[in-house]
Amino acid sequence: MSSAAANAPMSGLRVVDFSTLVAGPWATRLMADCGAEVIKVETVGEGDLLRYAPPIVDGMSRVFAQFNRGKKSIVLDLKSADDALAARRLIDQADVVMENFRPGVMDRFGLGFAEAAKRNPRLVYCSISGFGQDGPLAGEAAYAPVVHAMTGFDMAVLAGQDDGAAPRAASVMIADVVAASYAFGAVQAALLRRERFGVGGFVDVTLIESMLSLVAIQLQEAQAPGPLRSAAFRPVRTADGYIVAPLVNARNFLAVFSVIGRPDWASDALMREPGAIARRRREVEDLLGAWAADRPSAECVRLLNAAGAPCGAFATAKDALAHPHLAARGSFTELEDADGAFKVLNPPFRLGAASAAGDFVARLGEHTADVLARLQSPPTRGEGPVVGGSLGHQAVGELS
């Protein structure tokens, strides 16, 4: 093991990952990047549905690679008594369990937190679901677009538009990524508690509450006595695209005044009155739009940033992959498949020089024999032998 890997903060910890799709797998991918041994438990013959997300090269999904790099894959049928026993043995030897079934599903397999904690009291057990482990909606399935709509997020985005259009169609799984981030942080907090007090615990993460954290300002506005509207930062059309220059404070306005040819406004007595700048926001934005209309985005970004007005150009994901700043920071890692090299995103944080990211993407069930062979715990009375990989699969419809 390299010194960097040995110093990785989760080195020596075992994570058993029953989750699929985005939220759970991204949280455990971050754990793998931090040095944990992540064992991904998948259904026999099918596996994580993300394995079938295009682009697929030589039978391997690059999207699956993004969220599951560095994890071992085993296949189990949790409806099989033998395989459920193998899963229980894995949990007995785990530091962290991650799952995103609907509430109650793991309990029916005999793998829920209550039973697991009796056998492994230091276990940190994290469940990610749409609506949580209790409450009227606890048993309902949820995908990110449903939660975006229910929390007011989509309407908050719509409120910033000027065209009166219907809510926008969702193409980015925001709720999944936000929930994954909270799950990753909460697991670290639970592990710290274990380090300090010697006990594990249950972590209940929901997509709906994760999304509510993104509309915290709107939640307070909704309770205000009078009508309010959060500042919306409109895209500014340029000669070849769009930029955004958020006018957040007086310094931003003063910087823009000098660029758009109205330096006199900086000394205007009216502009020094409290709230005056906010009242004239639209006027300033309209002048900014007129100034930018016949200039390329790159020039607008350069001039505004140089003046002290933070500004960026609207880009595509393809543009982001080639951005020189991200290249300089090492924001991506290259993996190889039959079509050549492709990039996957690294964690959006750094922990000094410690890194233990694995550069492999496991085929379905690739590590089943090896992992199950390492289950050293002897059977207790009445359990019988451990046999992995029985035919069958758990119901996909039970996943949240």
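Which helix holds methionine 150? Methionine 150 lies in helix α7, which covers residues 144–150. The model is predicted. Methionine 150 is partly exposed, with a relative accessible area of 45%. Together with Leu137, Tyr143 and Val146, Met150 forms a nonpolar patch on the surface. The patch has about 380 Å² of accessible area in total.

Now turn to helix α2. Here 11 of the 11 residues are buried, so the helix is largely enclosed by the rest of the structure. Among them are Trp26, Arg29 and Asp33. Glycine 35 follows α2, and its phi is positive, near 105 degrees.

Eight aromatic pairs are counted. Elsewhere, Phe113, Tyr125 and Phe202 form one aromatic cluster.

Charged pairs come next. Side chains of opposite charge can pair when their charged atoms come close. The structure holds 21 salt bridges. One of them joins arginine 69 to aspartate 33, with the closest N and O atoms 3.1 Å apart. Arginine 69 lies in the loop between α3 and β5 and aspartate 33 in helix α2, so this pair ties together parts that are 36 residues apart in sequence. Arginine 69 is buried at 1% relative accessible area. Aspartate 33 is buried too, at 7%.

Arginine 69 also forms a salt bridge with aspartate 359 (3.5 Å, N to O). Aspartate 359 lies in the loop between β13 (340–345) and α18 (368–373), and arginine 69 in the loop between α3 and β5, so the pair ties together parts 290 residues apart in sequence. Aspartate 359 is exposed, with a relative accessible area of 56%. A network of salt bridges links Arg14, Glu37, Lys72, Asp370 and Arg374.

Finally, look at aspartate 48. This residue is in the loop between β2 (37–42) and β3 (56–57). Is aspartate 48 buried or exposed? Aspartate 48 has a relative accessible area of 1%, so it counts as buried. Its side chain meets that of lysine 40 in a salt bridge (3.0 Å, N to O). Lysine 40 is also buried. The side chain of aspartate 48 reaches the backbone nitrogen of leucine 21 at 3.0 Å.

Note on methods: Residues are numbered from 1 along each chain as its sequence is written. This is a predicted model: local features need pLDDT of at least 70, side-chain atom pairs count only at pLDDT 80 or more; totals for chains, interfaces and linings use all residues. Side-chain values use heavy atoms; hydrogens and water are left out. Patches are made of residues with over 30% relative accessible area and no salt bridge: like charges are joined within 9 Å, nonpolar side chains (Val, Leu, Ile, Met, Phe, Trp, Tyr) within 5 Å. Accessible areas come from the Shrake-Rupley method with a 1.4 Å probe; for residues, only the protein chains shown count as cover. A salt bridge is a side-chain nitrogen of Lys or Arg within 4 Å of a carboxyl oxygen of Asp or Glu. Helices (H or I, at least four residues) and strands (E, at least two) are DSSP runs, numbered from the N terminus. Buried means under 20% relative accessible area, exposed over 50%, partly exposed in between (1.4 Å probe, protein chains only). A polar contact is a pair of N or O atoms within 3.5 Å; within protein, one must be able to donate a hydrogen and the other to accept it, and residues adjacent in sequence count only if both atoms are side-chain atoms. Rings of Phe, Tyr and Trp (its six-membered ring) pair if their centres lie within 6.5 Å; planes under 30 degrees apart count as stacked, over 60 as edge-to-face and the rest as tilted.
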